[in-house]
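I opened this notebook to record what I looked up on the contact between two chains and on the confidence of the prediction.

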Amino acid sequence: MSELALPVMLALLGLAAAGMLYHSVTEHHLHLLIARKVSPDTEVPPTRHDTGWHAMSHGKRFWVDVAMLAAAACLGLAWQVERTATTAGVILALACAGIWLAARRVSRTVGPREHRKRVPLDPEE
Amino acid sequence: MFKRIYQAWCRSSARMACNPWVLVIGAAVVLSAVMGGRNKIAGHESGVMHVLAGLAALALTAVAAVLLTWAARTVAAASGHHADPATIPVQAPAGVKPVTVPAPQAMPARPGEPAYTLRIRPPDPEAEAMAAEADALRDERVVPVVTTGGTLYETARREP
């Protein structure tokens, strides 16, 4: 295997594993299935077939696969060009994704602006 | 195919014409040529190449991040009935009444109107309460309208 193909293949394997884990957790509730092994009281919702990957047509699935393949090629090529910058870029991207997901979760928990209750600072108000 | 490529080229060149960074980079190149930039970096070729390689790696990582973000958002936003749950047999455990969705019924088209598919949904108590509240308001003058968000509006009946 050439020097260029090995990082690309490793990136492809990593992305495929990450995608399978994402799908298993978000749509098949793998974490709850594992938790039920430990605690049988854990409720596992049924797998939905009208959202996510299950709801996508084969054409859309193909383009998502193509995007993941292209991303793996970019990551492998970047690793081949400069390893330090690639590592920094991946860590930066993961940090940005984590911050964005946390901010979105907080925003959804708080709710829309018009639904928030106004709490007066002064009880006499 | 070539027409689309040409259109993309025209679009990108038109955007670049409005982008100040193109002017800044062009000015920097001209200035470096005038001021003898090639002589100044004569001893730092390896460093310059290293920085350029790092920038290229960062750009490739950014492209990969954009592609993966698009893929994740596309999957998360997908909804529909690629595999209709009504067509999937569900084996309910003994003694448990399965919750099933009635199969969609094809409705015949009336003359001059398009055909449609009626999907009977299980009864929704909240929607029924909203409909009952709207019916209670209905009289000769007022036509209640309930939006999908649950907001109730009263509209005056139009005189014939």
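Conventions. I worked from a predicted model, in which local features need pLDDT of at least 70, side-chain atom pairs count only at pLDDT 80 or more, and totals for chains, interfaces and linings use all residues. Residues are numbered from 1 along each chain as its sequence is written, while chains are lettered from A and ligands numbered from 1 in the order in which they are written.

Confidence. I noted an ipTM of 0.81 and a pTM of 0.57 for the complex. Within chain B, α4(B) has the highest mean, 92, and strand β2 (residues 116-118) the lowest, 58. Helices (H or I, at least four residues) and strands (E, at least two) are DSSP runs, numbered from the N terminus.

Interface. I looked up the contact (C-beta atoms, placed from the backbone, within 7 Å) and found 26 residues from chain A and 26 residues from chain B. On the side of chain A, α4(A) gives the most, with eleven residues.

Helix pair. I then examined α4 (residues 58-81) of chain A and α4 (residues 45-77) of chain B, whose axes come within 8 Å and cross at roughly 160 degrees. The two helices are therefore roughly antiparallel (angles over 145 degrees). Axes are lines fitted to C-alpha atoms, for helices over the stretch in contact, and angles run from 0 to 180 degrees between N-to-C directions.

Methods. Parallel < 35°, antiparallel > 145°, perpendicular 65-115°, else oblique. Contact = placed C-beta atoms within 7 Å. pLDDT = per-residue confidence, 0-100.
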